[in-house]
Each structure stands twice: as structure tokens, then as C-alpha cells.
There are 2 protein chains.
Amino acid sequence: MTKSAATQHMSQIQSHLQVAPCAAQEESRIKTPIESMAEEREKATFNVRELTYYLDGGEKFTKVREKFMMELERDPTFRMYDMYDVTKDQIRERTMEKFRTIVHYVSAEPVPIFTLRMQTISLIDPGFWTRFGVHYGLFFGALRGSATSAQFSHWVSKGALALNGMVGCFAMTELGHGSNVAGLETTATFDETSDQFIIHTPTITATKWWIGGAAHTATHCVVFAQLIVRGKRYGTKSFVVQLRDTHTYGLMPGVNIGDIGKKMGRDGIDNGWIQFTNVRIPRTNMLMKHTKVSRAGEVKEPPMAQLTYGALIQGRVAMVVDSGNIAKKAITIAGRYAAVRRQFTSNPHDVQETKLIDYAIHQYRLMPLLAQAYAFHFTGVETNKLYEDLMDQLESTQPDDPTMNQVLDTLKETHATSAGLKAFCTWGTLNAIEACRQSLGGHGYSAYTGLATTYNDFAVHCTWEGDNTILTLQLGRYLVNCYREVITGKTQPDGVSYLNHLDTLLNQGCAVKTNEEILDFDIIQQAWGVVSANVVKKAGEDFDACLKQGLSPEAAYEECSQARLAAAKIHSFGYVFRRFTQAVRNAPEGLRPILTKVCLLYGLYSIEQNAGFFLQYRYFTPSQMDYVRAQVNAFCRAVRQEYIPLIDAFNYSDYMINSPLGVYDGNVYEKYFDQVKRQNPVGQPHPYLPLIQSLLRRDIEDDEPLEDDDDDDE
Amino acid sequence: MTKSAATQHMSQIQSHLQVAPCAAQEESRIKTPIESMAEEREKATFNVRELTYYLDGGEKFTKVREKFMMELERDPTFRMYDMYDVTKDQIRERTMEKFRTIVHYVSAEPVPIFTLRMQTISLIDPGFWTRFGVHYGLFFGALRGSATSAQFSHWVSKGALALNGMVGCFAMTELGHGSNVAGLETTATFDETSDQFIIHTPTITATKWWIGGAAHTATHCVVFAQLIVRGKRYGTKSFVVQLRDTHTYGLMPGVNIGDIGKKMGRDGIDNGWIQFTNVRIPRTNMLMKHTKVSRAGEVKEPPMAQLTYGALIQGRVAMVVDSGNIAKKAITIAGRYAAVRRQFTSNPHDVQETKLIDYAIHQYRLMPLLAQAYAFHFTGVETNKLYEDLMDQLESTQPDDPTMNQVLDTLKETHATSAGLKAFCTWGTLNAIEACRQSLGGHGYSAYTGLATTYNDFAVHCTWEGDNTILTLQLGRYLVNCYREVITGKTQPDGVSYLNHLDTLLNQGCAVKTNEEILDFDIIQQAWGVVSANVVKKAGEDFDACLKQGLSPEAAYEECSQARLAAAKIHSFGYVFRRFTQAVRNAPEGLRPILTKVCLLYGLYSIEQNAGFFLQYRYFTPSQMDYVRAQVNAFCRAVRQEYIPLIDAFNYSDYMINSPLGVYDGNVYEKYFDQVKRQNPVGQPHPYLPLIQSLLRRDIEDDEPLEDDDDDDE
């Protein structure tokens with residue numbers, strides 16, 4: 001979209017906002033939930049199907065997703081209606097049944113198609129998706145990333161790809177060690193005599209912990225351990241260790257394993273703990289793509305460690321994508337329910353209570369979350385593209401290529417940005433799930449309405465593959481370095497390019513003639529640029545001040561960590577908004593007006609939530625900030641007009657949503673009641689009836705003391 | 001504490017802040033977790049036991065609580081070590097066992113002591129506490145509040161107090177109706193011929209829903225229904241309906257009941273749904289303390305409806321108290337773990353990794369939550385006192401008393417303030433639980449570490465007895481009314497008395513000579529007063545503007561709901577801070593220095609989190625706000641010095657905490673491992689082994705197509 005076209009849309013939006021009807025419309029007759037929903041669909045001013053295609057990356061991909069949804073819904077292995085009531089053992093059993101069904105497609109389908117299949121499944125059953133991801137993403141991914149090609153062929157021939165003859169898991173974290181991989185205690189000591197490594201757990205805190213699939217299902221494991229050769233330590237490397245006999249499933253000698261047990265969510269995966277007691281493996285089980293140990297005990301270390309970043313980035317980008325997908329699911333449930341649930345009325349002439357969504361406050365609760373779901377969706381798509389481009393560049397560039405430095409700069413930027421985005425988006429979505437759950441009122445506390453489980457399943461993202469706070473600080477550290485480079489004249493890559501205009505940005509205010517001009521992508525983007533530049537500068541200055549006080553760089557980073565955290569958060573807001581505006585500009589013309597509204601709502605709401613920084617750095621005046629607050633309400637109302645079509649465009653089937661309150665047709669009460677009755681049939685005996693009966697018919701004289709019969713003593 | 005004494009403490013604090021040691025202290029030898037914890041206790045500059053007494057309301061109450069903790073810990077019915085693994089049926093069975101144990105004390109113990117017992121239990125097993133509360137708080141409370149004295153005696157004689165012969169539940173909400181009690185659909189139609197009411201569920205949405213205890217355990221129910229006499233509706237009243245035969249436990253004719261099933265948490269209580277089909281009850285089963293229906297069908301309505309507010313306020317105050325208690329539990333777990341968990345080091349000379357709590361960012365994550373737990377604790381205590389005073393006044397004041405208007409003003413204020421506080425504190429604590437959970441890293445996702453379950457159990461508070469957003473808006477509506485009264489000259493009661501100085505406050509800036517003077521209770525309180533006055537005024541003006549546009553008052557309230565929400569939140573921050581400062585001023589002298597630090601941290605952190613408003617209304621300049629941010633870090637560090645003693649003062653036994661990561665002695669890893677092994681014994685067969693074996697040993701030729709044997713066709 002050109003700037004003038006964008007401006008045109010924005011002025012249309014402004015006139016639309018002025019004529020928006022009052023929240024409480026007068027109702028002339030009682031409407032059923034189904035009718036209440038149907039009338040929302042009539043309000044669409046855009047082609048919902050076209051928006052679905054745009055979100056999915058084209059009609060072809062929409063069709064593929066719909067094929068998957070139908071296949072899964074009809075497959076009894078993937079039945080979901082009873083999932084809120086199954087026990088931990090039952091859900092794990094199902095996981096293995098699904099494994100059997102899905103493993104067939106791994107070799108049969110091209111990777112992008114299979115990825116779509118797994119994305120669809122991740123929305124239905126995150127626990128299964130995790131178990132599958134442990135084998136293919138982590139175990140097989142580690143082989144692909146760290147094995148030599150001979151080693152890789154060896155493990156594929158043993159069945160690692162076809163999942164025939166072996167099932168893998170991935171043992172990095174220990175009971176006492178998480179984010180600090182260099183601090184792991186498990187040792188892999190080279191025994192030259194036998195040409196073997198001895199894998200050993202020296203202490204209780206060195207016990208491998210949280211290992212997905214280890215408790216019962218994995219036969220092999222990639223183990224992270226301290227490489228020790230001839231008494232010298234070389235840091236953490238990875239080794240393939242067989243855990244179980246592949247026929248009897250008995251544990252191998254020296255391998256001791258237990259179940260980690262009950263978790264907050266994702267009980268479909270059998271996380272376990274592992275202790276190794278002098279377990280011997282062949283030297284060639286060490287994955288030697290990077291560091292090599294020869295028969296003679298010579299250790300050869302790799303030239304470029306950065307190249308191993310790739311796998312980390314991939315995991316983070318996947319979580320950004322997942323954040324968008326789950327956010328869409330949560331708002332589908334909360335949004336549809338709000339279109340049919342009625343409560344109170346502010347108009348005494350109404351014959352029926354008012355829809356929740358017709359209350360300004362409910363719009364304010366949900367519409368920004370809808371906008372955020374769109375923002376995260378597009379951020380996921382764009383970030384994924386950037387990641388793939390980067391990987392292509394890395395593969396096609398030789399180490400001595402003159403462009404290699406530039407590629408490495410992009411790698412560093414993507415590594416830092418993806419760390420920050422993973423934290424930013426998973427936090428944003430976790431909060432959105434809880435806000436959506438609460439917006440269902442009391443029903444949000446029922447397991448069957450879906451969001452309680454969604455919360456419990458999703459919460460792991462905030463500490464997975466790096467605790468969110470630590471990842472945010474990583475981005476903050478990168479931004480501090482960028483700032484220090486910029487002031488010495490070094491140009492920064494795309495994601496942080498606003499820092500190249502530091503001097504211009506730092507003291508810039510919002511130079512608009514009328515408040516209405518604030519409703520503009522470029523102004524909002526500038527606003528984020530100005531505020532980001534200021535907070536990054538603040539963190540950089542705090543860091544420099546610590547150095548001047550004589551702290552080491554590491555200590556200085558710690559001292560300015562609060563400033564780094566703020567810098568990274570603000571940077572991420574601006575980054576996500578920019579991705580969203582790009583997606584709006586690239587959208588088909590017919591979709592741009594509605595997407596512009598949603599995008600402006602996201603931008604304005606984010607500013608309101610961070611008002612302190614915009615006022616602190618004087619980009620907005622207090623009266624402009626009042627205008628922003630008022631416009632958040634106005635845009636909530638504007639987006640509300642078409643919010644059901646905007647939700648429909650996500651195109652999640654009722655089966656995928658698995659919540660009676662989020663059904664497409666709006667018939668929420670009947671479907672909710674049916675679900676409760678199917679899972680809890682009436683007239684069943686319950687096991688504690690005798691307890692109640694004895695409680696109700698007890699002899700209260702039990703409690704009374706023996707009367708003191710004084711006569712006897714006399 | 002006099003002002004000069006407070007100032008003295010504050011200047012001591014300032015000098016203390018300057019000498020606070022750097023985050024990364026050099027360690028000379030490896031310390032065990034137990035040693036790591038022990039050294040924290042040596043840092044106390046105050047008497048921990050004295051603080052416990054102060055928190056508990058005196059030594060006597062501490063002793064009583066300790067007695068309860070010991071009794072519960074030794075009682076096998078209250079065993080907690082396996083609670084994270086029990087099924088819904090098992091946990092419900094335990095609930096009834098506990099019922100039997102506890103019911104003994106109801107009549108034997110004075111109410112304040114029994115309340116302490118139940119508070120202790122609520123921290124251990126919220127599900128049981130809820131089931132018990134449904135009978136005594138809701139069912140029996142409804143009898144006490146709404147029955148005539150003759151009716152009350154009747155139900156007590158049938159066993160309602162001794163819980164012998166009947167168990168009660170409370171049926172207000174319906175499938176389609178929650179917060180809007182006036183909109184309930186269930187009808188109670190008077191049949192003059194038989195002198196009976198006919199209780200009836202006319203539609204599916206009228207099905208009583210969420211009724212705690214109804215699914216299996218209750219014999220009687222207080223039912224809210226629309227009173228209809230001679231075709232005229234009189235609004236929602238309450239009726240006692242028998243649900244089950246008290247001997248056979250079979251359902252009474254016309255009563256249909258089912259189980260609501262699985263919930264997010266609190267599965268110990270059997271929530272159910274109820275449909276009534278023309279169920280007849282005697283006329284005298286209507287609770288007639290307020291509205292009366294005579295034998296002849298005459299309806300007499302009560303003179304003062306406000307007096308029924310009391311029960312609502314009680315529930316809300318209880319949730320404020322519970323918020324403080326649960327917040328203390330969560331920070332005990334997260335805080336103790338942070339004292340022994342080590343990760344990375346920013347000092348290369350360290351022989352051991354650094355404690356989590358020695359990182360500035362971890363201090364920033366946890367210390368404000370510790371301060372908030374203290375703030376909520378004291379708010380609970382003070383609010384409870386205010387509530388009890390108010391009830392005393394109400395009981396001792398006659399309707400025609402000249403002071404009655406003043407009492408009613410206080411009632412209105414307490415009703416509104418408690419609504420806002422319930423929302424503010426339950427939201428604050430829910431967020432704190434999740435933040436504490438995440439601060440445990442990956443281990444926070446284990447059920448055994450306790451915070452996942454705590455989250456799931458606590459989450460219901462945010463929609464219980466009124467959705468938090470709706471309650472916050474109630475307070476906002478009250479504040480708008482206060483504002484409108486103030487500008488017409490009417491003086492406001494204590495909780496909102498700052499509005500009496502509106503003109504002075506509105507344009508006030510922070511008139512300090514040096515930034516250090518900001519670190520003062522009075523300045524911070526003034527800051528909240530100024531900001532609150534401004535946001536309340538904004539909401540009031542928005543409301544007036546809507547009226548001028550011709551909206552009805554109800555519609556105008558809806559239109560300014562976002563402004564009302566902001567006003568209520570800011571008001572509550574100031575209110576809680578004021579309660580905290582009062583508690584500090586009333587504390588024994590030896591405790592004031594440490595409590596002053598904690599209280600200032602709470603005040604400064606809250607300002608930082610709401611910086612936008614303080615800058616918007618120009619109470620603080622941007623450079624003062626930078627100072628506030630810097631001081632938040634400084635106070636986090638200062639409070640960190642004694643944070644373990646501050647946590648110890650909560651005096652929760654290991655049994656109460658029920659988390660191996662929160663144990664008193666710091667021996668977290670061994671206890672965590674023990675817990676996991678006890679609940680998941682090694683060497684157990686698992687049910688899905690055959691599934692894995694067949695997956696691993698499958699004949700992959702199954703997948704291959706029949707080769708096209710062209711020869712045959714020729």
C-alpha cells in the first residue's frame with residue numbers, strides 16, 4: 001500500500017469512527033444465540049475467505065489446512081471431546097497411538113506440508129506435538145545439526161528417521177542446571193584404552209531432569225555432557241547414549257530412569273529424570289560435526305561457533321508462530337461467546353439483555369487482544385521468512401566470502417531479535433489466554449470451555465528453551481552493543497536500523513498539526529522509534545557508567561539489567577508493530593481498510609499501555625496522550641463492528657477449538673450442556689456416598705463428655 | 001510512628017542504600033543449599049518472631065496458628081504430599097473425610113478461633129475450604145441473613161448448624177446468568193390453593209449452574225428465583241428447597257441434578273447443575289426476613305435494601321485476606337528457591353555460580369512481589385477491622401437515629417471500596433503467583449513445586465462473587481458519584497477523603513528540593529492523591545459530557561467505563577499504600593525500619609508501573625521519574641538483604657507450603673527428588689509399553705504400494 005493509499009484508508013476510518021453507533025443498541029425482539037451470532041456475520045465489509053487465504057499464505061495452504069482438519073477430526077485416535085477428563089496414563093497412551101498414525105507422514109510428505117500438518121496438530125493437542133517434537137525436532141535435529149555425515153547416515157540406517165527401531169530424546173537440562181549449558185555437571189570422560197566415553201552423573205544436581213520421552217518411551221538419547229580428555233575439560237558436547245534395549249525395553253546397564261510425574265500441562269509427554277553411572281559408549285557416539293576427538297585422544301575444536309545458533313533461532317521462531325496461533329484460538333472462544341452471551345442492559349426499553357460485546361469495557365477487554373493475535377500472526381510469518389532467508393544466505397556463503405561479515409551481522413541480529421520476540425510473544429499470548437478465560441466469567445473456570453487447559457499447556461513456553469527474562473536480557477545486551485557501535489559510527493542491520501538515526505530520533509516530538517494525524521502508521525512507527533532509541537540509549541549509558549565505576553563488563557551488564565529489560569520490551573513492541581504494518585501494506589487491496597483499523601488499534605493500545613515512556617521522552621504531550629486513550633476506545637468500537645468476521649478468518653473448525661463456548665454457529669448453551677452431560681452422565685453412583693451418609697446420620701453424643709458423677713466419689 | 005521518626009528511618013535507609021554491596025559477591029568456597037539458606041538468616045537486623053506476632057495480630061494468635069498447623073500436619077485425613085496426583089473422585093472423597101473431622105470444631109470453638117482454623121486450612125486445601133464455605137458461608141449464611149428468627153430456629157433444629165441431618169448448598173447463578181442477579185430466570189410461583197411455591201426452571205439457560213456441593217453432597221439448597229404472586233413479579237428472592245432424601249440420598253421428585261465435572265482447580269468441591277420441574281415447597285420455605293408473603297398472598301417489601309450489602313462485603317473482605325495469604329505462600333516458595341538456586345556467574349573468580357537472588361533482575365522480579373504480599377496482608381487486616389466496625393455501627397444504630405446517614409455513607413464507601421479491592425488484590429495475587437512460578441524456571445512447570453496448582457486454585461477468585469472487571473467498574477461508578485458530590489460541596493467519607501481537597505490536589509506537582517525527599521510516605525501518598533484526583537475527575541467529566549450529549553445515566557456510565565476502570569485502579573493503589581503506611585506507623589519500634597523499606601519499595605514500584613499517569617498529570621518530572629526507577633532498583637537490593645527473614649516471618653510450615661522448592665532449610669534438590677520418586681516409584685510397568693514396542697518393530701513394507709506388474713496385463 002502506498003502512503004497516500006494508507007492515508008486515504010485512515011481518513012475513511014476517521015469518518016467511520018464518527019458515525020459508529022452507540023454501544024447499547026435497542027433490541028426489538030428476543031434473539032436466540034444462533035441469531036445473535038448470525039447477525040454479526042452480516043456486518044462484514046470485506047471478503048472473509050480472502051482474508052483467510054492471506055493469513056494462510058495463499059488459497060493452496062488454506063486447502064491443505066482444511067484437509068488436515070478434516071482428517072484429524074474423523075480419526076478416532078485424535079478424538080478430543082473427552083480430553084479434559086483423561087488421566088495422565090490415558091493421555092500418554094493416546095500420545096503413542098497418535099505417534100503411530102503420524103509417523104507415516106514424516107517420510108511421505110514434503111517438509112513444508114508436514115510442518116503445516118504438525119502446526120494444525122499443535123493447536124489440538126500440544127502434549128502430543130511436544131512428544132513428536134522431542135524426537136524429530138530435538139533428537140533428530142541434534143543429529144542433523146551436530147553429527148558428521150557418516151554419523152548421520154549411521155543413525156538414519158538404525159531407524160532414526162523412519163522411527164523404526166529407535167525412539168529418541170534429548171537430555172540437556174539437569175536438576176540443578178537450566179539456562180547455563182556451560183555449567184552442566186554430567187561428564188563424558190574419554191577412555192583411550194577402550195576407545196570409549198564414560199558417561200557419568202557425579203551428583204544429585206547433575207541428574208538429567210525434565211527429559212521429554214525419557215520416562216517410558218525413548219530408546220536413545222542425545223546427552224549433553226562435559227567432554228574430558230586426558231584430564232582436560234573442553235566444555236559441553238553432545239553424545240548419543242542408548243537408554244533401553246529396543247526389544248525388551250529394559251534399561252541399559254548403568255542407566256537409571258524415573259518419571260518426573262505430574263505437570264501443569266502437556267501430560268501427554270512422559271518427562272523423566274536420568275542418572276548415568278559409568279555408562280560406556282563407543283567414541284564414535286560423540287556427535288563430531290563441530291568438535292572432534294580422534295582415536296588417539298586429540299581434540300579438534302571448530303572455527304566458527306556462531307553457526308550453531310541456527311537451531312536455537314528455529315525453536316524461537318516456532319514459538320513466535322505458536323504464540324500467534326494460540327492467541328487466535330483463545331480470542332475465537334472469548335470473542336464468539338461475547339457475541340451471544342447477554343448480561344444486564346443499559347437501556348430500559350430493551351426486551352433482551354445486552355450482548356457482552358456491546359459493552360465498551362468488553363470491547364476494551366477483547367479487541368486489543370484480537371489486534372494482538374493479528375500482530376503476532378504476521379510477526380510469526382515475517383520472522384519465519386527472515387529466518388529462512390538467513391539460513392539460505394548462511395548455506396550459500398563461504399567463510400572467506402567478502403559478504404560473510406554482513407551475513408554474520410544479520411545472524412547476530414536475528415539471534416537477538418528472535419530471543420526477545422520469543423519472550424515478548426509468549427508472554428503476550430499467555431496473558432491473552434488468561435484475559436480471554438476471565439472474560440468468559442465463571443464458565444472460564446470449567447475445564448470444558450477450553451481456556452484453562454490452553455493456559456496450562458501454553459505456560460511452559462515462558463520458560464522453555466530459555467527463561468523469558470533471560471532471553472529478553474539477551475536482546476537487551478545486543479541493543480546496548482548496537483548503541484555503543486552506533487556512537488562509534490558503525491551502521492546497524494535492518495531490525496535495529498532506527499538506531500542509525502539516533503541523533504535525529506532522540507529529541508524528536510510528535511510534529512502533527514492536528515491530533516487526527518496521529519492515526520498514521522508512519523507517525524506511530526516514528527513514536528516507537530523515538531522511544532526505543534531513548535530507552536536503548538538509557539541502557540547504554542547505564543552500562544557505560546558502570547564500566548566507569550570500575551565494574552567488569554559482565555558485572556556492568558548485570559547492574560543495568562532493569563534498563564536492558566525495558567529497552568528490549570520497547571524495542572519488541574516497535575518491531576511487532578512494524579511487521580504488522582508491512583503485512584497490511586502487502587495485503588490485497590480489499591483487505592487493507594479492515595487490517596488498517598486492526599493495526600492502528602494495536603499501535604494505539606500498545607502506546608497507551610506504555611504511556612509512561614512516551615510522556616517521559618516527550619514524544620507525546622499529555623493532551624495528545626488523552627487523545628490516544630480516546631482513540632483506543634474508538635478503534636475498539638470500530639473493530640468490534642466486524643470482529644466476528646475477523647475471527648472467522650482464522651478458520652479454525654469447531655473440532656480444533658474444542659470449546660462449546662467458541663462454536664461457529666453460536667449455539668453455546670446447548671453445546672456446553674451436552675458436553676457436560678456426555679462427560680458426566682447423570683444417575684451415576686459416586687464413591688463417597690457412604691461418607692456423606694455417615695456424616696449426616698452421626699450420633700452427636702459421641703462428642704459429649706461423660707458427666708461428672710460426684711455422688712460416686714462421696 | 002511520628003513523622004520525624006519516619007523521616008529518621010528514611011534517612012537511615014538512604015545511607016544504607018549507599019553502602020549496599022555489589023550484586024555479585026565473591027565466593028571463596030562451594031556452599032551447599034542448606035548453607036546458602038542459613039547465611040541469609042544471619043542478615044536479619046530485626047526480630048523475626050516479633051514480626052510474626054505483629055503480622056498475626058499478637059503472640060496469642062501466632063500460637064493458635066501454630067497449634068492448627070501441627071494438628072493438621074499430623075492428621076492423616078489432611079495428608080498433602082500426594083495431592084498433586086489424586087483424581088477428581090479421590091479428592092472429593094477426601095473432602096468429605098475432612099468435613100467429618102472439621103465439623104466437630106464448628107460448634108466447639110469461638111468464631112474468631114474457628115475462622116483462624118479455616119484460614120489455615122484454606123492455604124492448604126482451597127477445594128475443601130470452598131466446600132465447607134458453601135455450607136457455612138453461603139447456605140447457613142443465607143439462613144442467618146435472610147431467614148426470620150423463627151425460620152432460622154427451624155433450620156437449626158433440622159441440623160443446619162451441627163451439619164447433622166442436612167448439608168446445604170447455594171443456587172444463585174444459572175447457565176445463562178451470572179453477575180446480573182435480577183436477570184435470573186428460575187421462577188417461584190405462589191400457589192394460593194396449596195399454600196406452596198412452585199419452583200421451576202423454564203429454559204435451558206435457567207439451569208442452575210456451578211452450584212458447589214449440588215452434584216453429589218447437598219441435601220438442601222437456598223435457591224434464588226423470581227417471586228411471582230398472583231401473576232405479578234417481585235424480583236429475585238431466596239427459597240429453601242430440599243434436593244435429596246436425607247436417608248437414601250435419592251433426588252426429590254422434580255429435582256434433576258448432574259455433575260459440572262472437571263474444573264481448572266478446586267476439584268475437591270462437587271459443583272453441579274440443577275433443573276427444577278414444578279417442584280413444590282411450603283410457603284414458609286421462602287426466607288422472609290426482608291420480603292414477606294402472607295398466607296393470603298400479600299407481599300410486603302422491606303424498607304432498607306442497603307442493609308443486605310453486609311454479606312457481600314464480608315465475602316469480598318475474605319478474598320482480600322486470602323489474596324494476602326496466598327501471595328505470602330507464593331513468595332515463600334519463589335524466594336527461598338532463589339536463595340539456593342545458582343546459575344551463571346558474572347565474576348570469573350567465583351568458585352561457584354551466583355545465587356539467583358544476587359542478580360539485580362531477579363531482585364526486580366521478586367522483591368516487589370514480596371512488598372506486595374506485605375501490602376495485601378496489611379490491607380486485609382485493616383479492611384477486616386473496618387468491616388467489623390461498620391457492622392457494629394449498623395447493629396447499634398436505629399433507622400431513625402440522626403447518625404444513620406453517616407453510617408450509610410460509610411456502608412456505601414465500604415461496599416464500593418471492598419468491591420474494588422477484591423478485584424485489585426485477587427488480580428495482583430494471581431499475577432504474583434504466575435510471576436513466582438516462572439521465576440522457578442523449568443521447575444515451575446512441575447506440579448510438585450506447588451505454584452501451578454496454586455495458580456489453578458486461586459484463578460477462580462477473579463470471577464467469583466462478581467467478575468473483577470464489573471466490580472472494578474462498581475468502584476469507578478462510586479468514585480464518579482463522589483466527584484459529582486464534591487463539586488456540589490458534599491464532604492466524602494474516610495476512604496475517599498482526598499477528594500475533599502480536590503482543588504488543591506488537581507494541579508499539584510511534587511514540591512521537593514532534592515530527589516531524596518521523594519522517599520517519604522507523605523510525598524508518595526500525596527502523589528497517589530494527586531493522580532487519583534485527576535483520574536477520578538477525568539471519569540466524572542467524561543460522564544458529564546455523555547449526559548450533555550443526551551445519553552441516559554446508565555448509558556453514560558457505560559460510555560465512560562474505560563475511564564472508570566482507570567480511576568478505580570489508581571484509587572486502589574493509593575488505598576493499599578495508605579493501609580500499608582498505617583501498619584508501619586503502628587508497628588513496634590524495632591520493626592519500623594525494615595517495614596519502612598518494604599513499604600517504600602511497594603510505593604515506588606507501583607508508581608513506576610503507572611508512570612504514565614504521574615507524568616500525564618505532571619506530579620513528577622521525567623527526571624524525577626528516572627530517580628524513582630533508579631530507587632526501585634536500590635530498594636529491591638536493600639530489601640533483598642533481609643528478604644529471607646522477611647519471608648520467614650510469614651511463619652508457614654513446610655507442610656503448609658507443600659513445595660520442596662520452598663522448604664525452610666533450603667535443601668531443595670534432595671526434597672524435590674524425594675517427592676518425585678515417592679509419587680512416581682521407579683521400576684513400575686506402564687500401560688503403553690506394547691504400543692511403543694509395536695511402533696518400533698513395525699513392518700514398514702506395509703506402507704509400500706503393490707508394484708505395478710505390467711507383464712500380467714499384456
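Residues are numbered from 1 along each chain as its sequence is written, chains are lettered from A and ligands numbered from 1 in the order in which they are written, and side-chain values use heavy atoms, with hydrogens and water left out. Because the model is predicted, local features need pLDDT of at least 70 and side-chain atom pairs count only at pLDDT 80 or more, while totals for chains, interfaces and linings use all residues.

The domain assignment of chain A gives domain 1 (1–60 + 309–681) and domain 2 (168–308). Such bounds come from an automatic or database domain assignment. The centres of the two domains, taken over C-alpha atoms, lie 39 Å apart.

An unreviewed UniProt entry annotates A:Thr173 and A:Gly212 as "binding site". UniProt positions are given in the numbering used here, feature names are shortened, and annotations may be inferred rather than shown by experiment. The annotated residues are spread over 40 residues of sequence, yet they cluster in space, with a largest C-alpha distance of 10.6 Å.

A:Thr173 sits in the loop between β1 (168–171) and β2 (187–191) of chain A. Helices (H or I, at least four residues) and strands (E, at least two) are DSSP runs, numbered from the N terminus. A:Thr173 is partly exposed, at 25% relative accessibility. Here buried means under 20% relative accessible area, exposed over 50%, and partly exposed in between (1.4 Å probe, protein chains only). Leaving aside neighbours within four places in sequence, A:Thr173 contacts several residues, among them A:Gly178, A:Thr207 and A:Trp210. Contact means heavy atoms within 4.5 Å. The side chain of A:Thr173 also reaches the backbone oxygen of A:Trp209 at 2.9 Å.

A:Gly212 belongs to strand β4 (residues 208–212) of chain A. A:Gly212 has a relative accessible area of 10%, so it is buried. Its contacts beyond four places in sequence include A:Val134, A:Cys169 and A:Asp270.

Strand β2(A) runs antiparallel to β3 (residues 196–200) of chain A, and 5 bridges join them. Two strands pair if DSSP finds at least two bridges between them. A:Asp191 stands opposite A:Gln196 of β3(A). The two strands form a hairpin with 4 residues between them, and A:Asp195 in the turn has a positive phi of about 60°. Strand β3(A) also pairs with β9 (residues 279–282) of chain A, antiparallel over 4 bridges. In that pairing, A:Phe197 has A:Ile281 in β9(A) as its bridge partner.

Over all chains, 80 salt bridges are found. A salt bridge is a side-chain nitrogen of Lys or Arg within 4 Å of a carboxyl oxygen of Asp or Glu. One of them joins A:Lys355 and A:Glu39 (2.6 Å, N to O). This pair links distant parts of the chain, 316 residues apart: A:Lys355 is in the loop between α9 (309–340) and α10 (360–396), and A:Glu39 is in helix α2 (residues 33–41). A:Lys355 is buried at 1% relative accessibility. A:Glu39 is buried too, at 18%.

Another salt bridge joins A:Asp542 and A:Lys538 (3.2 Å, N to O). These residues are 4 residues apart in helix α15 (residues 521–548) of chain A, so about one helical turn separates them. A:Asp542 is partly exposed at 25% relative accessibility, and A:Lys538 is partly exposed at 27%.

Key: Polar contact = N/O pair within 3.5 Å; in protein donor to acceptor, adjacent residues only side chain to side chain.
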